Amino acid sequence: MSNRMAVIMAAGKGTRMKSSLYKVLHPICGLPMVEYVKRATQESGVKDIVAVVGHGAEAVQEALGNSVHYALQEEQLGTGHAVQQAAEQLEGRSGHTLVICGDTPLITGDTLNKLFEVHESSGSKATVLTAIAEDSTGYGRIVRNAQGHVERIVEETDATDEERLIKEINTGTFVFDNEALFKSLKNITNGNAQGEYYLTDVLGLLEEAGETVSAYAMDNFEDAIGINDRIALAEATRLMRARIARRHMMNGVTFVNPAATQIEADVTIGQDTVIETGVSLKGNTTIGKNCFIGVNSEIYASEIADNVSITQSTIEESFIDENTGVGPYAHVRPASTIGKNVNIGNFVEIKNSILGDNTKSAHLTYIGDATIGRNVNIGSGTIFVNYDGVNKHRAIVGDDSFIGCNSNILSPVTVGDRSFIAAGTTLTDDVPDEALAISRTDQINIAKYWQKLQKK
Ligand code: UD1
Ligand code: CA
């Protein structure tokens, strides 16, 4: 393997997206599209990557972090001009340089590695990655001579009617001999329909100078699509979603309806887990083995251990331990830790709370800012009153306690172990271990009340 370098072009505004968000930052399955390009580039064995940034430079740098170097393209004068901005970092170095667009998120590390190999073994000064498109509208066309050699690339706006019929397109991805690249970039001009300095013109210049230019045709156009507008964005999202689901299925995960399931790029799922229709798993969520994730559940940035069942529920930034059941219609909000063998039932909302092993909250409850021990039974309609209008307060409930239905637990308060809270209690004071707390008015029955009403 030669010295492999790369330039990722990511300075464009993306006018055709009609967005205040810079094009390469538009997310696809949870990651900005340029992040996929960076990862594929790294997978192909490139060490030094220069990202050319311009529009939204700071935001793009924040997204890509410090695993790449940056070059600033202050004015977007074309893809050739963009690559020129990386001269300070790369010019004069020997080796081969991948140039890739920040808006082609489906190109894989595998394809890039093959492109490098084809280029390195050919002795060419440039190798372009091409694909055959059913509809080549919008792409640069590959013009080959009678012998089948690549002669040049013509942009759609500069192409003749005949050239527009060419189905072989420029994916916008190339490997160049590094020294030849920066030498040729000095000679490109902007005498074309868009008045831009085209990177694609480097190929024609090399060819004219008698150098060999090659092409490597990938067999799958879908992996090469460039995202210029929201229609292509939706198409890329569909393809990426399918690719992600396929990876999990290959690892032993069942998808009842993969096309109607959204799994973001960095999610991991254990073997024999079943994912039903409409499920959405986002952020760096981890799902264990043998889990059941039912219809329309949404899980964000959470860790779910093995054998957990989640039905029609939402979980955010939380941890759910083994053999626990959640839902239907439960909402576990951020910073919650739910133990093993816990039951969280219908219409239960939990926020910033800890529930110990074997604790049950089966129906209609709000648990906010509470630390609850093991084997606690939380009756239906219990509300942890954690907010006094100014501050949030915490409640602590000990192990093996019983909270009767429709109780209000006014925090801050501490309930001991093995204690009982009678149904309907509004708890304002601490409860010692093994005590019963009851705070409700005694019942009175008024006899013959019906008759009294009739007389009115
Ligand atoms: C480009 C290619 C075209 C190819 C297509 C593949 C050229 C002239 N055209 O066209 O042959 O078929 O990609 O998707 O190269 N950029 C900059 N600075 C600039 C201009 C662009 O950084 O001054 C970046 C953009 O952010 C983008 C990439 O380069 O990530 C491609 O630019 P774009 O305007 O999308 O080019 P296309 O018209 O798609
Ligand atoms: Ca493009």
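In the predicted model, residue D103 is buried, with a relative accessible area of 11%, a value that falls under the 20% limit used for burial. Because D103 belongs to the loop between β6 (96-101) and α5 (109-122), while N228 belongs to the loop between β11 (213-217) and α9 (230-250), the pair ties together parts of the chain that are 125 residues apart in sequence.

Strand β6 pairs with β10 in the antiparallel sense over four bridges, and within this pairing L98 stands opposite V175 of β10. Strand β10 (residues 168-177) is itself mostly covered, as 10 of its 10 residues are buried. Strand β7 (residues 126-132) is likewise joined to β10, in an antiparallel arrangement with seven bridges, in which E168 of β10 is the bridge partner of I132.

In soluble globular proteins, nonpolar side chains tend to be buried together. The largest nonpolar core of the model has 92 residues, and those with the most contacts inside it are I269, I275, L281, I293, I304, I372 and F384. Helix α9 supplies the largest share of this core, namely seven residues, and at least three residues are drawn from each of domain 1 (4-224) and domain 2 (257-437). When neighbours within four places in sequence are left aside, I293 is in contact with T273, V274, I275, E276, V279, L281, I287, I299 and I310.

Note on methods. Residues are numbered from 1 along each chain as its sequence is written. Chains are lettered from A and ligands numbered from 1 in the order in which they are written. This is a predicted model: local features need pLDDT of at least 70, side-chain atom pairs count only at pLDDT 80 or more; totals for chains, interfaces and linings use all residues. Side-chain values use heavy atoms; hydrogens and water are left out. Helices (H or I, at least four residues) and strands (E, at least two) are DSSP runs, numbered from the N terminus. Buried means under 20% relative accessible area, exposed over 50%, partly exposed in between (1.4 Å probe, protein chains only). Two strands pair if DSSP finds at least two bridges between them. A nonpolar core is a set of buried Ala, Val, Leu, Ile, Met, Phe, Trp, Tyr and Cys residues joined through side-chain atoms within 4.5 Å. Domain bounds come from an automatic or database domain assignment. Contact means heavy atoms within 4.5 Å.
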